[in-house]
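Look over the sequence and the structure before reading on.

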Amino acid sequence: MSDVIKIEGLTKTYGKKRGVTDLTLKVKEGEIYGFIGPNGAGKSTTIRSMLGFLNFDSGKIEIFGRDSRSEHTAILKDVGYMPSEALFYPAMKVSEVISFAAQVRGLDCRKEAAMLCERLQLDTNKRIKELSLGNRKKVSIVCAMQHKPKLFIFDEPSSGLDPLMQNTFFTLIKEYVREGATCFLSTHVLSEVSRYCERAAVMREGRLIREDSVENLTESSAKTVKLSVDGVQEEYIFNGDINELVSELAKKKLDNLYIEEPSLEEMFMHFYEGKEGK
């Protein structure tokens, strides 16, 4: 499969503030790729650089083999982008916003838009100012998907959606991917990455910490150790020889001890916080 997204050595700084440092990754055609990390990890900066919205300091980004700086207008024709916070004219009706988004692209998307609105249970007669956060998110989803782009780029797309609509949203993504699309999913919702992505990149403080298959990222010999000594509670992730752990624990006078498999959240916090265990 060919590379839809190719980032090499991307660096973007904001003076003393953190941006992105020397980021390199590739996203292949037809995959749902997770881009994860806590707030401030550099996810949105990366996306805005990819789309030509930011003038980054150094490095190279290619999407569909096109340079993101010099050919971003051509790139955007084949991209469905959903920002983390989408703003629309509050007095416009939902139907007018969706139609306007299609007209900007010079396309007739009425059939696809109608299908999406029905699946998402979106009332197109309401005005934007009358909508809840979740329904504004639905409008953003329709605008990003109605032209059936080759690449979806979503920045924290599911926040504000109820669980039923989250499921519908990801079902739609999978349907478009089966038809040949690619999806770049930026999120901090770890269960979404585990459930829907084949590969993922873990970001921390503007740097790529690890890129691997989701199976490998979530498969670990690490253990969550919870213990109590003289009434003092302690908890940590141990990632090493279990015999060494047992020997170390044998030196303590334990009140309580629990050793269990870490949760998905604990495993990724292990990456986020840069902890290598004890």
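The lining of the largest pocket is made up of 18 nonpolar, five polar and two charged residues. The model is predicted.

**The largest pocket**

- The volume of the largest pocket is about 680 Å³.
- Its lining has 25 residues, and those closest to the centre are Y81, A101, V104, R105 and C143.
- Two or more lining residues come from each of α2 (72-76), β6 (79-82), α3 (94-104) and α5 (133-145).
- Helix α3 gives the largest share of the lining, five residues.

**Helix α6: length and ends**

- Helix α6 has 16 residues (residues 163-178), which at 1.5 Å a residue should span 22 Å; the end C-alpha atoms are 23 Å apart, so the two values agree.
- At the N-terminal end, D162 caps α6, with a side-chain oxygen 3.0 Å from the backbone nitrogen of L164.

**Helix α6: buried residues**

- The buried residues of α6 are M165, T168, F169, F170, L172, I173, Y176 and V177.
- An α-helix has 3.6 residues a turn, so residues three or four places apart point the same way.
- The buried residues of α6 are covered by elements that include the strands β3 (32-36), β7 (151-155) and β8 (182-187).
- Helices also take part in this cover, including α4 (110-119), α5 and α7 (190-196).

Definitions and conventions:
Residues are numbered from 1 along each chain as its sequence is written. This is a predicted model: local features need pLDDT of at least 70, side-chain atom pairs count only at pLDDT 80 or more; totals for chains, interfaces and linings use all residues. Side-chain values use heavy atoms; hydrogens and water are left out. On a 1 Å grid over the protein atoms alone, a cavity is a set of points where a 1.4 Å probe fits but cannot get out, and a pocket is an open set with protein on both sides within 12 Å along at least five of seven lines; lining residues have an atom within 4 Å of a point. Grid points are joined across faces, edges and corners, and a volume is the space filled by probe spheres set on the points. Helices (H or I, at least four residues) and strands (E, at least two) are DSSP runs, numbered from the N terminus. Ala, Val, Leu, Ile, Met, Phe, Trp, Tyr, Cys and Pro count as nonpolar, Asp, Glu, Lys and Arg as charged, and the others, Gly among them, as polar. The expected span of a helix is 1.5 Å times one less than its number of residues. Buried means under 20% relative accessible area, exposed over 50%, partly exposed in between (1.4 Å probe, protein chains only). Contact means heavy atoms within 4.5 Å. A polar contact is a pair of N or O atoms within 3.5 Å; within protein, one must be able to donate a hydrogen and the other to accept it, and residues adjacent in sequence count only if both atoms are side-chain atoms.
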